[in-house]
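Reader: Could you walk me through this structure, one topic at a time?

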Amino acid sequence: MAAASSKPHLKGIVFDMDGTLTVPVIDFQAMYRAVLGHDEYVAVKSKNPSGIDILHHIESWSPDKQKKAYQVIADFEKQGLDHLQIMPGAAELCSFLDSRNIRRGLITRNVKDAVDLFHQRFGVKFSPALSREYRPYKPDPAPLLHICSTWEIQPNEVMMIGDSLKDDVACGKRAGAFTCLLDETGRYDAPEYANVEHQPDYKVSSLVEVQSLLERDFELTS
């Protein structure tokens, strides 16, 4: 009789969208400067070495100031939509997940219109697909826990894949899921990220690497 597998079971994968399923085109640092102004941007960045959480930062602002900030953010996101491209390896990875009956969901801090356009361009559905309108958003674990509840599976049977330590990895780890950081350029190898609170279980430089990682380390079950 074959020995039972000691590998953890994986039943679903939740993806970030911008910079993970789509090629990164939004200049986030320019967006942060435009929202905060140069001096505040420098001050906030120095206090947050792993990255600025601009949505959380502006929540304490006055309604008028918030409205202007959201408009600046929307303008940058619109430019991103105009140049939306699917990340290399994303289609193949989704086909593999389909072949193994692995669920796939999506959590983004972008707006629902961006998710709708992504689904339309990609021709592949992610469900649930939670956008910025779902509160609280990443890095809070709530959206990931909501997806687990919808799927009726445990967080430790799910992997969160994204390109942000502060949003995607933190969300996944706080929820109790496995995490995989997509780091195309190796920027997270820099010393300032060595001691951040939440470190990923896996790190890849391309989505192409994810399939072999899943087959090697997990029992893939629906």
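Author: Two strands pair if DSSP finds at least two bridges between them, and helices (H or I, at least four residues) and strands (E, at least two) are DSSP runs, numbered from the N terminus. This is a predicted model, in which local features need pLDDT of at least 70 and side-chain atom pairs count only at pLDDT 80 or more, while totals for chains, interfaces and linings use all residues. Residues are numbered from 1 along each chain as its sequence is written, and side-chain values use heavy atoms, with hydrogens and water left out.

Reader: Which residue in β4 stands opposite I107?

Author: Strand β3 covers residues 103–107, and β3 pairs with strand β4 (residues 129–130) in the parallel sense over two bridges. In this pairing, the residue in β4 that stands opposite I107 is L130.

Reader: Over how many bridges do strand β2 and β3 pair?

Author: Strand β2 spans residues 12–15, and I13 stands opposite R104 in β3. The sense of the pairing between β2 and β3 is parallel, and the number of bridges is four.

Reader: How many of the five residues of strand β3 are buried?

Author: Buried means under 20% relative accessible area, exposed over 50%, and partly exposed in between, with a 1.4 Å probe and protein chains only. By this rule strand β3 is mostly covered, and the number of its residues that are buried is four.

Reader: Why does S95 count as partly exposed?

Author: S95 has its place in helix α5, which runs over residues 90–99. S95 counts as partly exposed because its relative accessibility is 47%.

Reader: Into which domains is the protein divided, and what distance separates their centres?

Author: The bounds come from an automatic or database domain assignment, which gives domain 1 (9–24 + 85–220) and domain 2 (28–83). Taken over C-alpha atoms, the distance between the centres of domain 1 and domain 2 is 23 Å.

Reader: What area is buried between domain 1 and domain 2?

Author: Buried area is the accessible area (1.4 Å probe) that two parts lose on being put together, summed over both. Between domain 1 and domain 2, carbon and sulfur atoms give 50% of this area, which is about 1300 Å².

Reader: Which side chain meets that of R132 in a salt bridge?

Author: A salt bridge is a side-chain nitrogen of Lys or Arg within 4 Å of a carboxyl oxygen of Asp or Glu, and across the interface of domain 1 and domain 2 the rule finds three. At 2.6 Å, N to O, the side chain that meets R132 in a salt bridge is that of E77.
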